[in-house]
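Visitor: I would like to learn how to read a structure like this one. Please take me through it feature by feature.

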Amino acid sequence: MNTAAVAAASGYSVQQVRDLEASGVIPAAERSESGYRRFAEVHIEALRAYRDLAHAVGPVEARRVMREIRVLPRDRAAALIGGLHITLDAERAQSRAARHALESIQDESVTDAPPLAGDSMTITELSQALGVRASTLRFWEQCGLVAPDRTGARSRTARVYSLTAIRDARITAALRAGGYRIPDVQRAITALRGLGEVSESMAALDRRLASIADRTLALLRAGTRLAAIVESAGAASR
């Protein structure tokens, strides 16, 4: 099978097939006496596995995985593939935690007056509003969950919580009350920062969860082909 036939069967261009061979995504093709590449079904299967894998984890990581599963021992290659599912599960858990937190503060905001740009709270006011100790707010600050401003001409030690800091504190309080650990809250806060207003954040998180679902299905589609590559590499080494 020549390069053009492999390209037609896999959906890649002729140049992409050559590039993916050169980068180790697919095994090196045999060469005819005249120097032309000779491909087989195994190359088409590898290209199809790479397509789904690249969609699931990105092309850089996919290229690395495709190269390594051919040379790693069978158990380590299987663990490498299994780790990709763990990474996607962690992304999903992070986004779900963030969405849960947004739902909590969105429910609260139904009866709230519209916030003003200059609204802020002291640490005492915020601790009372959330029903937590001031020391808890300071601990959350140390963990990077809440970032208050500082005020005061000399010492600059008085904490002032802006609307953004108040939102982060409310999210943190909601997640902690829901049983989330500090590392889980940190991941959720990281996912939320920069997403903007709550309703827009909800939509962004819904899109992210849908994308993770698509990527998970792509990884599952690639799974059978990746397993065949691992088994084939293991058989060849014995």
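Visitor: Where is the place of Tyr 12?

Guide: Helices (H or I, at least four residues) and strands (E, at least two) are DSSP runs, numbered from the N terminus. Here Tyr 12 sits in the loop between α1 and α2. This is a predicted model, in which local features need pLDDT of at least 70 and side-chain atom pairs count only at pLDDT 80 or more, while totals for chains, interfaces and linings use all residues. Residues are numbered from 1 along each chain as its sequence is written, and side-chain values use heavy atoms, with hydrogens and water left out.

Visitor: Is Tyr 12 buried or exposed?

Guide: Buried means under 20% relative accessible area, exposed over 50%, and partly exposed in between (1.4 Å probe, protein chains only). Tyr 12 has a relative accessible area of 11%, so Tyr 12 is buried.

Visitor: Which residues is Tyr 12 in contact with, leaving aside its neighbours within four places in sequence?

Guide: Contact means heavy atoms within 4.5 Å. With those neighbours set aside, Tyr 12 is in contact with Ala 7, Val 17, Leu 20, Leu 47, Tyr 50 and Arg 51. Take Leu 47: Tyr 12 and Leu 47 are 35 residues apart along the chain, and their C-alpha atoms are separated by 8.3 Å.

Visitor: How do the axes of α1 and α2 cross?

Guide: Axes are lines fitted to C-alpha atoms, for helices over the stretch in contact, and angles run from 0 to 180 degrees between N-to-C directions. The α1 and α2 axes come within 8 Å and cross at roughly 100 degrees. Angles under 35 degrees count as roughly parallel, over 145 as roughly antiparallel, 65 to 115 as roughly perpendicular and the rest as oblique. So α1 is roughly perpendicular to α2.

Visitor: Which residues make the contact?

Guide: From α1 come Thr 3, Ala 4, Val 6, Ala 7 and Ser 10, and from α2 come Val 14, Val 17 and Arg 18. To sort them, Ala, Val, Leu, Ile, Met, Phe, Trp, Tyr, Cys and Pro count as nonpolar, Asp, Glu, Lys and Arg as charged, and the others, Gly among them, as polar. The contact of α1 with α2 divides into five nonpolar, two polar and one charged. Ala 4, in helix α1, is partly exposed, with a relative accessible area of 45%.

Visitor: Which residues touch the most other members of the largest nonpolar core?

Guide: A nonpolar core is a set of buried Ala, Val, Leu, Ile, Met, Phe, Trp, Tyr and Cys residues joined through side-chain atoms within 4.5 Å. The largest one has 34 residues, and Val 17, Tyr 50, Leu 53, Met 66, Ile 69 and Leu 226 touch the most other members. Two or more residues come from each of α1 (3-10), α2 (14-22), α3 (41-57), α4 (59-68), α5 (74-109) and α10 (198-237). The largest share, eight residues, is given by α3. A second, separate core of 25 residues includes Leu 102, Leu 126, Tyr 161 and Ala 188.

Visitor: Where is Val 25 found, and is Val 25 buried or exposed?

Guide: Val 25 lies in the loop between α2 and β1 (30-31). Its relative accessible area is 0%, so Val 25 is buried. Beyond its neighbours within four places in sequence, Val 25 is in contact with residues including Ala 46, Tyr 50, Met 66 and Arg 70.

Visitor: What should helix α8 span?

Guide: The expected span of a helix is 1.5 Å times one less than its number of residues. Helix α8 (residues 163-177) has 15 residues and should span 21 Å; its end C-alpha atoms are 21 Å apart, which agrees. Among the buried residues of α8 are Ile 166, Arg 167, Asp 168 and Leu 175. After α8 comes Gly 179, with a positive phi near 95 degrees.

Visitor: How many helices and strands does the chain have?

Guide: The chain has ten helices and five strands. Of its 238 residues, 36% count as buried.
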